[in-house]
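Q: I would like to learn how to read a few features from a set of coordinates. Could we go through them one by one?

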Amino acid sequence: GDLACVFDGVKSDQGLLRRTATGYDVPLGGETVRFNVMDAKAVAAHVQGFLGYIASLDQDEARKRDTAHAIGHTTVVLGLVTEREFEDNPAIWPALFRIADAFDGFVFAFGSVLLPNGAVLVGPLLDQEEEKDAPGG
């Protein structure tokens with residue numbers, strides 16, 4: 001998979017000498033946003049660290065277990081590099097979910113894991129949702 005199947009105008013460094021891209025430049029909201037592709041050799045260690053973070057959260061054990069199971073199948077990690085914050089370029093936020101949806105993945109933002117439909121699996125955003133849904137919240 002490649003981000004060109006999700007967005008128009010994508011440029012990557014893939015070519016004759018490079019079989020897989022190390023990054024994609026995607027035009028979003030009037031600026032070029034960079035998605036770096038983590039080296040495949042680094043993904044397993046990254047996922048292990050991520051699983052440790054999830055285990056450390058003070059949240060429902062079954063929810064953490066289900067999230068860890070999903071994350072354990074990760075094979076590609078993209079990192080976002082942008083000049084502006086999400087609030088300053090509103091096109092970035094939905095783009096993250098388009099990518100997650102296209103590749104059966106998830107979004108990690110604000111210390112939280114989110115599904116392509118925006119549902120929060122674990123993390124501080126879940127706590128905020130539960131406070132909002134609480135009586136008197």
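Q: How many salt bridges does the structure hold?

A: The general idea is a distance test, in which a side-chain nitrogen of Lys or Arg has to lie within 4 Å of a carboxyl oxygen of Asp or Glu. In this structure, which is a predicted model, four salt bridges are found. One of them joins the side chains of D25 and R34, with 3.2 Å from N to O.

Q: Which residue forms a salt bridge with E31, and where in the chain do the two residues lie?

A: The partner of E31 is R84, and the closest N and O atoms of this pair are 3.1 Å apart. As for accessibility, E31 counts as buried because its relative value is 11%, while R84, with 32%, counts as partly exposed.

Q: What separates K64 and E61 along helix α2?

A: K64 and E61 are three residues apart in helix α2, which means that about one helical turn separates them. These two residues form a salt bridge in which the closest N and O atoms are 3.1 Å apart. K64 is buried, with a relative accessible area of 6%, whereas E61 is exposed, with a relative accessible area of 52%.

Q: Turning to strands, in what order do the three strands of the open sheet lie, and which are the edge strands?

A: The order is β5-β6-β7, and the pairing in this open sheet is antiparallel. The edge strands, each of which pairs on one side only, are β5 (107-109) and β7 (120-122). On average, and with direction ignored, neighbouring strands of this sheet are turned by 35° against each other.

Q: How many bridges pair β5 with β6?

A: Three bridges pair β5 with strand β6 (residues 112-114), in the antiparallel sense.

Q: Which strands does helix α2 lie across?

A: Helix α2 (residues 61-71) lies across β6 and β7, and the helix runs at about 100° to β7. The salt bridge between K64 and E61 thus belongs to this helix, because both residues are in α2.

Definitions and conventions:
Residues numbered from 1 in each chain as written. Predicted model: local features only at pLDDT ≥ 70, side-chain atom pairs only at ≥ 80, totals over all residues. Heavy atoms only, no water. Pairing = 2+ DSSP bridges. Helix = DSSP H or I, 4+ residues; strand = E, 2+ residues; numbered from the N terminus. Axes fitted to C-alpha atoms, helices over the stretch in contact; angles between N-to-C directions. Contact = heavy atoms within 4.5 Å. Buried < 20%, exposed > 50% of the residue type's maximum accessible area, 1.4 Å probe, protein only.
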